[in-house]
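Opened the notebook for this one today. I wanted to look at a helix pair, then the domains, then the ligand.

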Amino acid sequence: MEGLLETLNTEQKEAVLYFDSPLLILAGAGSGKTRVITYKIAYMVKELKVRPERILAVTFTNKAAREMKERVEKLVGQEAPVFVATFHSFCVRLLRAHSKRVGYSPNFLILDTDDKRRLLREVIRDLNLDPERYSPSAIASVISNIKNGLYSEESMSVYYDRIKDVLEAYNRRLRENNALDFDDLLIYGRELLKDPELQKRYSNYFAYVLVDEYQDTNNLQYEIVRALSKEKGNICVVGDEDQCIYTWRGANIENILSFERDFPNAKIIKLERNYRCTKTILEAANAVIKNNRLRKGKVLFTDNPKGELIRVFTAETDTEEAKFVASTIKQLIKKGKKPSDIAVFYRTNSQSRVLEDALRREGISYQIVGGVKFYERKEIKDVIAYLRVALFETDTISLFRILNTPRRGLGTAVERELRAILQSEKSNIKALELLKERVSEKQRRAVSDLLSTVENIKEKVHTLPPYDLIKFIVVATGYEEFLRKEHPEDWESRMENVRELGNTLQEFAEREKLTGEGLYLEFLNTITLSSDQDELKEGEKVTLMTVHASKGLEFPIVFITGLEEGLFPHVKSLDTTEEVEEERRLFYVAITRAMELLILSRAKKRRVFGSLKDVKESRFLSEIPSHLVKEVKRKGTVKKESPVAVTLPKKERKPKIVFHQKFGKGVVRRVEGQGENAKVTAFFANYGEKTIVMKFLKILA
Ligand SMILES: Nc1ncnc2c1ncn2[C@@H]1O[C@H](COP(=O)(O)OP(=O)(O)OP(=O)(O)O)[C@@H](O)[C@H]1O
Ligand SMILES: [Mg+2]
């Protein structure tokens, strides 16, 4: 342990060793805040002999939690698990133990964003409201804001009156389904801790509480932290007000001030040395954030080398910008950089597609974090819904999802019948039994089939390995045929996803050493709670993500794309100074993820709703001092693809070896057709023979 403390600077060491009163560490990006938290936990376990499970560490995402856990285990050895949680996962644990007190049974369901929207759509339809005026996703966010108490009293009453019926029906349906949405987790978690007995029990149980990314906690989260630590004051929170980027979700910079008020004897430690970025990058970050008025203001310096100048590229169009990113990455890799050292950020999810296309064309493997997440893809949700119906007696939301998926002639009329039955009958299986009596002969057979499939799954959960169980669901329901018919364009890749689900489950089972029902419950739990950062797997892939998802992470090389007015800063955040300042903090977060090289880009024209529009350079670009920047020139004067080359094609060479993003290298067997739409059949070592459209392949030989 002695040796370990030596790798900390004086202030960091002081923070690790300080236990006399509540501790607040306020410090800039890359100054070692997260490092202090991990070392503090390690110190408590190793030196103070605190039992690891009695230390509660809270971070912002599951990914961050997992990383922290690994780091602590590296420091103390794996002798015992440390409880590193997110606010949501902590509340799930609390609720599983005491759900009765808030009127839920312990095996409650957690609705994710998509489930929530589906349920709202149903509610809106049942209330005979116009779905045009009441869009489920808009209402979903209003409801979330109401639940989080984000509206002022005045606007609250306006919103509340307008959606009162929807909200009440929605909450009722949640209760009937024994289900909670993400907001409820925090609300009921907080509710439980209001009970003096529980509050005492848990604040006594936890010897110490630590919170990372404290600047982004909202009021509910703050109250939870406070309930757990107010008596003993055994708490350490770390944050940076310049990185507060979730005020739109109710994060509150004021929490930092309230901390000093609620814990009057709090000790404040500042860390001023950045260990992450080059001098050039840090100077740029400091210059940008200086333009914000709403900040405490602090200095941050680094002893790191000056490093390379920041590169700036101006493209004619967004497509050209993407090409620039892809070709630059290719060069960097050629020069020996690892793909996993490179990250590409964008302000909004929809920017990723163009970038993805360009990367694919260059044959660069990438992973996308956020966007349509794997578990939100339709085919994955369908298959998981079968699992959920089998495992959760009362999950009617999933029941309606699978009723006619794949199509089995159980349309809206049958759905209505089923809904009526469910008014009095809560069990899925019993409801299906009853449904059989109320439908036509043909439909009866369909319902019987569905019923036996569900019962089979229920049983096979205990007997089949996970991969085979997924296969069973696919075969029993004819899901592959269904995909083939419904999605002739991409059914293969969808099936690939379903298989991937089987792989993931298998891997999860082996890693967590779980089997049977417990395995699936834990798995469903984990994926429902997984957030933007959680798909990040290590590996030789370039990472694409929104700036929001990049919080807390670091990469040697970072691209920030789309630096245009209206995009970054975003058009929705231009009205007030506060909004623009939040965008600037977001830009500050993005810059400070970069360790060695920062590359910024923008386009002069960008496709918006299908057509190209002129866009202006982001104001943030001009806030970076010019001596830190180097303009990247466009290569030569490559005109638009010359029409001559298209009309006079060289005799197409038949490819022999190709490369595919997912399958890797393949030996070509057949080619049908020509050009980018030609169908190439190739053999891939780990996947067997596949037929793929040329444009998704790279020719290696
Ligand atoms: N004393 C130190 N000696 C060497 N490296 C350090 C030291 N402190 C921090 N680092 C390294 O600096 C980098 C940034 O540290 P860390 O991620 O803990 O910063 P942070 O303050 O949490 O940043 P952010 O605000 O972005 O979350 C990490 O790679 C970390 O290992
Ligand atoms: Mg951190």
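**Helix pair**

I found α9 and α11 roughly parallel to each other, because angles under 35 degrees count as such. This is a predicted model: local features need pLDDT of at least 70, side-chain atom pairs count only at pLDDT 80 or more, and totals for chains, interfaces and linings use all residues. Residues are numbered from 1 along each chain as its sequence is written, while chains are lettered from A and ligands numbered from 1 in the order written.

Helix α9 covers residues 182-194 and α11 residues 219-229; helices are DSSP runs (H or I, at least four residues), numbered from the N terminus. I read an angle of about 30° and axes 10 Å apart, with axes as lines fitted to C-alpha atoms over the stretch in contact and angles running from 0 to 180 degrees between N-to-C directions.

Next I listed the contact (C-beta atoms, placed from the backbone, within 7 Å). Leu186, Ile187, Gly189, Arg190 and Leu193 of α9 meet Leu220, Gln221, Glu223, Ile224 and Ala227 of α11.

**Domains and ligand**

I looked up the domains, whose bounds come from an automatic or database assignment. The centres of domain 1 and domain 4, over C-alpha atoms, are 40 Å apart. Ligand 1 lies between domain 1 (1-94 + 187-273) and domain 3 (310-365 + 537-631), because both give residues to its shell.

I noted 19 residues around ligand 1, with Gly32, Lys33, Thr34, Arg35 and Tyr275 coming nearest; a residue is near if its C-beta atom, placed from the backbone, lies within 6 Å. Helix α3 (residues 33-46) gives the largest share of that shell, 3 residues.

Notes. Helix = DSSP H or I, 4+ residues; strand = E, 2+ residues; numbered from the N terminus. Parallel < 35°, antiparallel > 145°, perpendicular 65-115°, else oblique. Contact = placed C-beta atoms within 7 Å.
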